[in-house]
Amino acid sequence: MAIVFKDVSTPEGLQHLDAFLSSRTFVSGHHASLDDLAVYGALSAAPPASAFPHASRWYSKVSHSLGSKFPGHGVGVHVGGGSGGSLETREKEEVVPEVAAIPPPAAAEEAAVAKEEEEDDDDLDLFGEETEEEKAAAAQREAAKKASGKKAVIGKSSVLLDVKPWDDETDMKKLEEQVRAVKLDGLFWGASKLVPVGYGIKKLQIMMTIEDDKVSPDNLIEDYLSVEPASDYIQSCDIVAFNKI
């Protein structure tokens with residue numbers, strides 16, 4: 001069944017989206033998908049973190065995923081008319097077909113080329129796995145760095161996690177011990193504090209520094225903090241902030 005959001009260009013729609021993402025990392029799963037891309041395209045700008053913290057956190061993660069797939073520097077572009085996509089189902093809408101004009105012979109060839117390019121674009125998977133060609137190119141770049149004698153730069157990120165307990169009776173000291181008990185190569189735990197949520201419940205906010213090519217925050221949450229014994233104390237985890245160092 002399709003997920004239906006209100007118009008996310010309005011404060012009411014953003015509030016709905018923020019509430020929806022309060023207990024989710026992405027729109028329809030633990031990994032970014034075309035559902036996230038559709039909602040992302042419907043937004044004209046990043047939601048302000050002060051008013052919509054969950055939607056802002058999600059927007060930053062999707063932007064980061066898109067940025068890694070399109071590393072080139074743009075010059076800026078303005079697209080006139082219309083708005084972003086929507087997840088609302090339109091099965092009941094009647095579509096009136098348009099009669100396409102027959103292009104002149106000179107334009108027919110251009111139209112065929114444009115159609116071929118459009119089909120190539122349709123094959124683009126923004127969140128797909130790395131291809132064999134991309135892996136080979138990365139290996140060649142790494143070998144070239146070693147051959148030149150230059151030290152490879154290690155990419156790092158600073159991540160702020162919200163860790164929520166099951167209820168007000170959860171031992172928060174043991175909860176934090178379960179979080180810090182996760183030891184991974186390239187993972188470094190930092191400062192933490194307890195933040196009141198309401199009804200006597202407090203959540204743990206904790207910083208961590210990761211080496212990007214060794215640790216994935218999503219995998220950390222899914223594989224270590226959402227399973228026993230950590231899940232005995234932890235109800236959910238959310239990424240509040242994700243910044244490159």
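Begin by selecting L161, V163, V179, L187, W189, M208 and I234, which have the most contacts inside the largest nonpolar core, a set of 21 residues. A nonpolar core here is a set of buried Ala, Val, Leu, Ile, Met, Phe, Trp, Tyr and Cys residues joined through side-chain atoms within 4.5 Å, where buried means under 20% relative accessible area with a 1.4 Å probe and protein chains only. Strand 3 gives the largest share of this core, 4 residues.

The model is predicted, so local features need pLDDT of at least 70 and side-chain atom pairs count only at pLDDT 80 or more, while totals for chains, interfaces and linings use all residues. Residues are numbered from 1 along each chain as its sequence is written, and side-chain values use heavy atoms, with hydrogens and water left out.

Next, show the open sheet of 4 strands, whose order is 2-3-1-4 with antiparallel pairing; strands are DSSP runs of E of at least two residues, helices runs of H or I of at least four, numbered from the N terminus, and two strands pair if DSSP finds at least two bridges between them. Strand 2 (187-198) and strand 4 (234-244) each have a single partner strand, so one side of each is left without a neighbour in the sheet. Strand 2 pairs with strand 3 (residues 201-211) over 9 antiparallel bridges, and L194 has L204 in strand 3 as its bridge partner.

Finally, select V163: beyond its neighbours within four places in sequence, its contacts (heavy atoms within 4.5 Å) are L175, V179, K203, L204, I206, I234, S236 and C237.

Conventions: Buried means under 20% relative accessible area, exposed over 50%, partly exposed in between (1.4 Å probe, protein chains only).
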